[in-house]
Amino acid sequence: MGSLSRGGETVEASLPRVFIASTSMDLDPYRAAARDQILAAGCHPIMMEYWQADARPSVQLCLDQVGQADAVLLLVAWRFGWVPTPEDGGDGEHSITQLEIEEAKRLDKPLFVVCADADWPGRLWARDKDLHSLEQFRASLNRNAPAFEFEKDPRLPNFNGLLKHLLHSIGQAVREKDGDARERDQERLRAERLKPKTATDFGVELRTHSRFTGRKQSTKLGGEERSKAFQVALDRAYASLAAQITGTQQAWGGEPGNAPDPWPSAQIAFFLPPTRYRGLIRDTLAWLSETQAPEGYWCSSTYGDHADTGVTACCTVTLLHHEGPSSISGQRGLSWLCDHYSSGWINQPQNKSLQDVHYYSTAHAIRALVRGPTTPLTAMTIRSSVGVLEEAQSESGGWGFHAGGAPDPSFTSYALHGLLDAIRISRLPVRRRAVLRGLQWLLQRQEEDGTWSDWRGIKCSPEATAYAAYILLSTRTPVLPSVTAALDWLVENQSADGSWGLEANEAERPINWVTIICISALSAYLIAEKQGFKSTGEFSKTGEVTPANLDHAPGLDDPDAAYLEDLDQRLIHPASLEQERVDLAELYETVVQDDVRKIPFTRSLNHTMFRALDHYVAQKVPVEEIQRTLARDELIEVFGVYPEHLETVAAKLGIKDVVPLDFEHKEPKRFNRVRPAFFHASRDGRERLLGIAVVPGNDYVMHYASLTRHAARGMMLEADEKIRVHRFPLVEQHLPAWTHLSSDFVRKGDRVLLGYVEEIRSHFERTSIEVSDWTENEYYGACRVSLPDGGSLVLLGVKYCFWGSISEVLCHYLCQLGVQEILYAAKLGALTGPDDLYTRIFCPSSFAILNHARIVRQLDGVPNGVLEWRPELSTGVHASIPTVLEEDYLQRATTIEIRAQSIDNEISQIARAVFTYNAANNQRVKFSALHFATDYVRAPNDRAMDTTHDLSNNRTPKALESKRRIIKQIFDDVVRPYVLSE
């Protein structure tokens, strides 16, 4: 089953899907707990919190979601819930939950019920007029349904324990239904195989269509005849692969009859057409998820029982291709790949004897990363690994297996595949000369019969020939005669059973991965024909382009040269780090819709800020204007658009009649002053909306979206449907380029301090140390402090807020500019106790990145200059999180588990940027955080604690005086003696 979009939700089709039905107002924490337990059980939760705005009526949307589920979990307490009217699609009598359950019964979905007991708190009971209907509804359910009690503990241990046992039954029921469906698929396949058209008939039909008796005749076939012949060859190949899957064979081996193997199975599932083989694809994806190691990798029987980078990358590519970026197994594969990146990838990371980067694995890893969620880490890893492939290209233009290896058509095709995917999917700058020379190298190495040789020494290799043809076709330029000659040869040499082997010989045993790459090439040709691409003439090898004249205008009589010239105009042009110029208008062309509901909704009692939460939100967003917008039934839209860009970008977004909203942020300051802009506007002159333009960065955009959502849900239960989030990933990734961060501010060999730069500068000015004037542009200001060793400490002031993931992009770029150390002096939240506010210097030695209660990454071993100098300053583990609104007690429990001492939104992101850069470039850039705490993030047993300071009142005169005092202490005790010591 492929990736299904239901109301904006990308569903992981290979996982059992469990619909959570319940009322929301009373069962919000229980729904969240059910979601977490379903995910932990390897299932996919379907719940309204994650649905985006949809044109369908609400009732129809809910019932459609039930129809897409494999099982339904009903949580029922003592509220009746929303009763949709006939205008809403209901009957005015039954609640939406009742309608969902009736739909589940009608569709014969496995239904599992959990009921709240009679001791449920009275304030969470239904109104008297609804109570009779509710009691009837409860009585109609399974009387033996397990019961749960109201739990004051936010972790809901009893409820979670009950669900764990129940989910085992859900999984078993889904597997039984899947087994029935799989058996029906097998019966259908068996019936198809018994039809009169056998493999022999396919061969006769092929010869009738093509009359292939030699290459000269085959290349004279018209486009229509060739397409028919290729389609017949494809049908035969598909049939040969489908016939291998039986009741006992869940996936494909390297050869027919071999045990299932992740590598060929992933390759086949990637290229199978979903419309014809949905069941096979779904089963294969499920099998891949089951065979994934807990650490996130896959191994292949072809190469031994160990973690294999190339296999892991291929499996990850396939899962992300079919299930979308939200694929759990796909994301685990991406994490494993990122963890094992070191200036590229080697095939067997655990084999210490292997030192050379393998370009096959590196290319496939790039293909996986560009299909995953866009994060600063993946973006930087892609850019670094693209650079690895560019630098690894031989003088002749091809690639070998590893450094120093002889160029080979197969490995050149692998490398080009990675580079072209980086261009096509991520739109990353790639050296066009590298791509053009690689394609030219392939064209030069083609034999007269249309084939290519492979790394095994096989002269006419079906695998190498198909892969080279596929790569040439994937450039989306006119189809070359070189390609049609290659495909003609493949069809001529297809085995009678529809497969291909390692050699052009029907007696050769069939090899599944060779068959699927031949399928991919033939499919690409048919797609190209359907899109109107035409061949450029007869197969010719005259007038070839050579590296010496590559940059000159090619002769028009050379189809290969014309092909390269056409492609040259389509490739993204590269730029050096210092001279990179980006077209903001082009960057804003790519927009993604994000879902605010991926940030868990938390009420004050469950949030670590308690009473201060609503006051904090009111300081950040215009609460009253949000209320008026909802009352007018208008939309609220959050845009990851730099506020100063709004005027020029508005037309691209369909936004008109922009009227700024006067909202008072904190008093203006020199740095960290750019805050979101609020405005009223209309979409295409019709639909009115309240807009929020936020400095582009995934975490910062979602932070303001969640603040807005918190304010809105305090007024309207259906507020989530009124909030839309638009992000621009290319603008986020290229932020240092369009903000013109360059050697005007930071030079190679500098040490850089971020954060409270004005305050630190004022302390330096009271000494005899030389401090330069500010150098400024619209986004930055920098001054240089002369150090005794002849170097400089640059105090880099950032005028925009570099919240969360923005800091990772910014600091990775600083590393690329050649800085030797990054110091960061700012504020954070204490996890130790309220007595540490404004009194303790936090200097973490270990870093964790959390996404709500889940640990995304833990980092140790980041070079820390301050702790090398004074190790007693270490405050241990620090946690960074995307948004403030997710700081509930579930997250707090995770920070307790990892023994974190402090928390913020940037520090661990910067640590990851430095760690990634060092690993990719064999460098030792240092990073030290020197922070103080402005608020205490309460532990569960401190829920009602009153503290002197929190995020809502950290600018009172008393707090500001405490802040001045602790910054002076950081300067006197750490910064000055550290940077001035020789």
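Which residue forms a salt bridge with Glu872, and how far apart are the closest N and O atoms? In this predicted model, the partner turns out to be Arg870, with the closest N and O atoms 2.8 Å apart. The two ends of this pair fall into separate accessibility classes: Glu872 counts as exposed, at 54% relative accessibility, while Arg870 is partly exposed, at 26%. Elsewhere, salt bridges with shared partners link up into a network made of Asp594, Lys598, Arg727 and Glu732.

Then there is the pairing of Arg683 with Glu637, a salt bridge whose closest N and O atoms sit 2.3 Å apart. As for accessibility, Arg683 has a relative accessible area of 16% and is buried. Glu637 comes out at 0% relative accessibility, so that residue counts as buried too, given that the cut-off for buried is under 20%.

Another buried pair turns up at Arg597 and Asp595. Their side chains meet in a salt bridge, at 3.1 Å from N to O.

Stepping back to the whole structure, the search finds 32 salt bridges.

Note on methods
Residues numbered from 1 in each chain as written. Predicted model: local features only at pLDDT ≥ 70, side-chain atom pairs only at ≥ 80, totals over all residues. Heavy atoms only, no water. Salt bridge = Lys/Arg side-chain N within 4 Å of Asp/Glu carboxyl O. Buried < 20%, exposed > 50% of the residue type's maximum accessible area, 1.4 Å probe, protein only.
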